[in-house]
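Good morning, and thank you for the time. I would like to walk through one structure with you, beginning with the whole and then turning to its parts.

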Amino acid sequence: MALVVSPELGLRLSLRGVLAQAGFPVMLEAEDLAQALMVLAQEPVELVLTAWELEDASGGELVRRLRESLAERGFSPRSPVVVLDPGLEQQSVVQAVKSGAIGRLAVPADAAQLQGLLENMESPPPASRQDPGARDATQPEIILARPRGFCAGVERAIATVEKALEKYGPPVYVKHAIVHNRHVVERLEQAGAVFVEELAEIPAGSLVIFSAHGVSPQAHEEARARNLEVVDATCPLVTKVHLEARRFAAEKRTVFLIGHASHVEVIGTRGEAPESIRVIGNPTEAAGAEAPDPEKVAYLTQTTLSMDDSREIVGALQERFPALVGPAKSDICYATQNRQNAVRAIAGEVDLLLVVGSANSSNSNRLVEVARSRGVAAHLVDSAGQLREEWLQGANRIGVTAGASAPEDVVLNLVETLASRLGASIREIEVAEEDVHFALPPPFREREQ
Ligand code: SF4
């Protein structure tokens with residue numbers, strides 16, 4: 001017996017055939033929560049399909065109260081709540097699943113989808129969805145790492161392109177991918193942004209935005225020579241490394257820049273003093289590094305490195321050059337550190353970690369490495385479409401996080417896909433609160449305030 005809760009008569013009627021095909025020949029109806037609770041108190045309902053918004057209740061609270069009512073009567077494994085979805089936002093879907101719903105049913109409904117949701121469902125008591133301490137170890141679980149996804153530098157860079165499009169209209173030229181994420185770049189391209197690798201591709205006199213990764217002083221000179229109007233969306237934390245590079249070079253030091261030589265951020269930083277800066281990619285290179293004056297040496301790092309790797313390389317440099325100096329505060333930015341710490345925090349609890357991010361995203365790749373270095377299988381996925389069935393075999397607890405350039409809606413889509421495929425509950429582990437915000441670059445700064 002199923003109960004459909006919706007104020008829309010047409011919707012309720014349309015579900016009769018779907019429920020009959022899915023093995024629920026008897027369908028009861030309610031227009032709001034009060035009516036639904038009365039039905040649940042009197043009838044042996046096994047399945048509830050509910051709209052997300054009712055006149056007297058909505059959202060996660062609605063789902064919770066329906067689940068509680070089912071549980072009061074002696075929870076049955078076949079007593080799920082499904083949320084009906086006329087365009088439900090992904091954030092709401094995740095909230096629904098967190099509140100105990102087994103998934104969403106797109107409207108117009110499809111019996112096969114409903115059957116799929118029911119087949120995927122296991123039989124956790126409601127408490128196991130809410131209370132990790134009481135969870136059934138066999139119940140699949142998704143553990144979301146927090147912080148994850150967009151950092152302050154990425155938000156600023158994206159907002160800069162959006163403001164430029166708003167103020168000047170398309171096309172707006174951007175040197176290099178504004179941030180290393182395919183979804184972000186494609187969305188901005190659709191809005192009129194044009195991404196180029198060489199300034200020579202941009203018509204003279206146009207506006208150009210420099211990406212969050214930063215550029216060398218030579219790029220600024222070239223832009224001036226081509227009469228381009230520059231808006232610099234370089235992350236302030238990358239700029240900090242540029243300034244340190246200049247300072248150490250001015251002190252006549254050899255500067256070891258720890259990072260990936262082909263990464264655009266490292267290319268930009270190195271451009272500050274190419275004659276003084278040597279890029280070091282691993283401990284072996286550090287152990288063999290040379291400097292004209294071993295007493296005048298310094299190191300800097302790319303902002304998105306693995307903290308573990310960086311520590312090892314700095315250690316090797318210090319062994320070789322006891323006089324080595326470094327930045328007063330780590331160059332590995334707060335966002336990289338927090339996301340890596342969050343992966344460390346959940347690594348002991350999961351069988352598999354999925355990192356949402358694009359293949360060219362340095363900090364996303366480092367999150368995969370951090371998990372693998374702790375013996376956890378980990379994969380980078382650009383979206384839910386890249387999930388592979390074989391990864392999920394035997395993975396009961398799946399961690400999900402995202403690199404600093406991955407949009408939250410893509411993360412939530414992955415979580416929703418996993419939750420409905422595995423009948424998994426969702427838990428979030430937060431290791432740090434982030435409250436960092438960077439002002440937009442000129443000429444948009446004034447408009448923002
Ligand atoms: S990852 Fe760090 S350095 Fe890079 S844009 Fe974000 S805050 Fe800035």
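**From the whole chain to its parts**

The protein has 18 helices and 17 strands. Please keep in mind throughout that this is a predicted model. Along its principal axes, the C-alpha trace spans about 85 × 50 × 35 Å. The protein comprises 449 residues, and 45% of them count as buried.

Let me turn to the sheets. In general, the strands of a sheet pair through backbone hydrogen bonds, either in parallel or antiparallel fashion.

In which order do the 5 strands of the open sheet lie? The order is 2-1-3-4-5, and the pairing is parallel. Strand 2, residues 27-30, and strand 5, residues 103-106, stand at the edges; each has a single partner strand, so one side of each is left without a neighbour in the sheet. On average, and with direction ignored, neighbouring strands here are turned by 25 degrees against each other.

Within this sheet, strand 1 (residues 2-5) pairs with strand 3 (residues 47-50) in the parallel sense, over 4 bridges. The bridge partner of valine 5 in strand 3 is threonine 50. Helix 1, residues 9-21, packs on the sheet and touches strand 1, strand 2 and strand 3. The direction of helix 1 makes about 155 degrees with that of strand 2. Helix 3, residues 59-72, lies across strand 3 and strand 4 (81-85), and runs at about 150 degrees to strand 4.

Strand 11 and strand 12 are joined in the parallel sense over 4 bridges, and phenylalanine 256 stands opposite arginine 278 in strand 12.

Helix 10 covers residues 236-250, which is 15 residues, and reaches 21 Å from its first C-alpha to its last, close to the 21 Å expected at 1.5 Å a residue. Its buried residues are Leu237, Val238, Val241, His242, Glu244, Ala245 and Phe248. Why can we say that the buried residues line one face of helix 10? Seen down the helix axis, they fall within an arc of 160 degrees, so they do line one face. The face turned away from that buried side carries the exposed residues Leu243 and Ala250.

What covers the buried residues of helix 10? The cover includes helix 7 (152-168), strand 11 (254-258), helix 11 (264-270), strand 12 (277-280) and strand 13 (297-301). After helix 10 comes lysine 252, whose phi is positive, near 65 degrees.

Helix 10 also brings us to the ligand. The ligand is surrounded by 15 residues, of which the closest are Cys151, Gly153, Cys235, Thr303 and Cys333. Helix 7, helix 10 and helix 14 (334-347) are the elements that give two or more residues to this shell. Helix 7 gives the most, with 3 residues.

Lysine 167 also lies in helix 7. Lysine 167 has 13 C-beta neighbours inside 10 Å and therefore counts as partly exposed.

Which residues of helix 17 are buried? They are Val410, Val411, Leu412, Leu414, Val415, Glu416, Leu418, Ala419 and Ser420. Just after helix 17, glycine 423 takes a positive phi of about 65 degrees.

Thank you for your attention.

Notes: Residues numbered from 1 in each chain as written. Predicted model: local features only at pLDDT ≥ 70, side-chain atom pairs only at ≥ 80, totals over all residues. Expected span 1.5 Å × (residues − 1). Buried ≥ 20, exposed ≤ 12 C-beta atoms within 10 Å, placed from the backbone. Arc of directions from axis to C-beta. Contact = placed C-beta atoms within 7 Å. Pairing = 2+ DSSP bridges. Axes fitted to C-alpha atoms, helices over the stretch in contact; angles between N-to-C directions. Near = placed C-beta within 6 Å.
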